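Subject: A model for you to look at

Hi there,

Here is the structure I promised to pass on. Please open it first, and then read my notes below alongside it.

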Amino acid sequence: MFEPKVLAFCCNWCSYAGADLAGVSRTQYAHNARIIRTMCSGRIEPRFVLEGFLHKADGVLVLGCHLGDCHYTTGNYQAMNRMKVTRKLLEYAGIDSRRLALDWVSASEGSRFAELITGFVKQVKQLGPLGSVEEMSARELELALKAARAATETERLRWVTSKQAEFTDKGNIYGEVFTEHEINRMLEGVVADEVNVSKITLLLQEGPLSVKELAARTGLSPRSVLRYIAMLRRKQQVDLHSVRETSPLYVARAGGQ
């Protein structure tokens, strides 16, 4: 019978203390979770979650202090923004976003900690092993997760992630305040671009490919692939390798990703 592997990131001041209380109180909960203690839930970056999935986790749970109770004032709000971006990365990469959860536990809520762990493990168990409900092969899954992880390292996505609260509260440098819907649209566009660029770059690191071959491997239209190739060539991250009959073959420049 399938038993999921779950990572649980717990903040030092509340949710980890809640885990301690659950242990001291001998409260029973699912044994599948591997707990990782962090100083604050706001410290959990999207790439940490993606690294967890790349290391064969079937689900990732992030637990922080209740809103308004953060030891660092706004850390849990930062966690909300970062996990919002992480969910969009997972969804665009084809990973069921139910494999990621964010919730709150105080130091006095040992029973709540146990309930959240057990409930999340049950949810992931219903989804099955990573890649099963997504109907992705091991190769497709690895490429999708690596592309999403690479996207988290790009300056553009990191900048947009950090500016979400500011744009909806104070606005940009021109005083334009964005609605939640506008922020979501902007995030989705940036996530799509950065994941697609990362996926193309990763494939070209393996060897020269044509636009048609890249389109078949990524599921993008040849026109979209050509647009990304042109952008990567301007950034000197991709070079023309050779021409096969009438089709140009491209390859990633060493150190380009």
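Two strands count as paired here if DSSP finds at least two bridges between them. The strands (E, at least two residues) and helices (H or I, at least four residues) are themselves DSSP runs, numbered from the N terminus. With that in hand, the bridge partner of Ala8 in β3 is Leu61, and Cys10 has Leu63 of β3 as its bridge partner.

A word on the source: this is a predicted model, in which local features need pLDDT of at least 70 and side-chain atom pairs count only at pLDDT 80 or more, while totals for chains, interfaces and linings use all residues. Residues are numbered from 1 along each chain as its sequence is written, and side-chain values use heavy atoms, with hydrogens and water left out.

The parallel sheet

Four strands make up an open sheet in the order β2-β1-β3-β4, paired in parallel. The edges are taken by β2 (33-38) and β4, each with a single partner strand, so one side of each has no neighbour in the sheet. From one strand to the next, the twist averages 20°; axes here are lines fitted to C-alpha atoms, for helices over the stretch in contact, and angles run from 0 to 180 degrees between N-to-C directions.

Strand β3 is worth a look. Five bridges join β1 to β3, and five bridges also join β3 to β4. At one of the positions facing β4, Gly64 stands opposite Trp104. To get from β3 to β4 the chain passes through α3, and this β-α-β crossover is right-handed (with the strands pointing away from the viewer, the path from the first strand over the helix to the second runs clockwise).

How well covered is β3 (residues 59-64)? Six of its six residues are buried, where buried means under 20% relative accessible area, exposed means over 50%, and partly exposed is in between (1.4 Å probe, protein chains only). In a regular strand the side chains alternate between the two faces of the sheet. Here Gly59, Leu61 and Leu63 are buried on one side, and Val60, Val62 and Gly64 are buried on the other.

Helix α2 (residues 46-54) lies across β1, β3 and β4 and runs at about 145° to β3. Helix α3 packs on the sheet too, touching β3 and β4, and its direction makes about 165° with that of β4.

Salt bridges

I counted 20 salt bridges in the structure, each being a side-chain nitrogen of Lys or Arg within 4 Å of a carboxyl oxygen of Asp or Glu. Three of them may interest you:

- Glu3 and Lys125 form one, with the closest N and O atoms 3.3 Å apart. Glu3 lies in the segment before β1 (6-11) and Lys125 in helix α4 (residues 110-127), so this pair ties together parts that are 122 residues apart in sequence. Glu3 is partly exposed at 38% relative accessible area, and Lys125 is partly exposed at 32%.
- Glu134 and Arg99 form another, with their closest N and O atoms 2.7 Å apart. Glu134 sits in the loop between α4 and α5 (138-152) and Arg99 in the loop between α3 (75-93) and β4 (100-104), 35 residues apart. Glu134 is buried at 12%, and Arg99 is buried at 0%.
- Glu45 and Arg43 meet at 3.6 Å, N to O. Glu45 is buried at 13%, whereas Arg43 is partly exposed at 45%. Both belong to a salt-bridge network that links Arg43, Glu45, Arg47, Glu153 and Arg158.

A hairpin and a loop

Further along, β5 (residues 238-244) and β6 (residues 247-252) pair in the antiparallel sense over six bridges. They form a hairpin with two residues between them, and Glu245 in the turn has a positive phi of about 55°. Arg244 stands opposite Ser247 in β6.

Finally, where is Ser25 found? Ser25 is in the loop between α1 (15-24) and β2, and it is partly exposed, with a relative accessible area of 44%. The side chain of Ser25 reaches the backbone oxygen of Leu21 at 2.8 Å.

Best wishes

Technical notes. Contact = heavy atoms within 4.5 Å. Polar contact = N/O pair within 3.5 Å; in protein donor to acceptor, adjacent residues only side chain to side chain.
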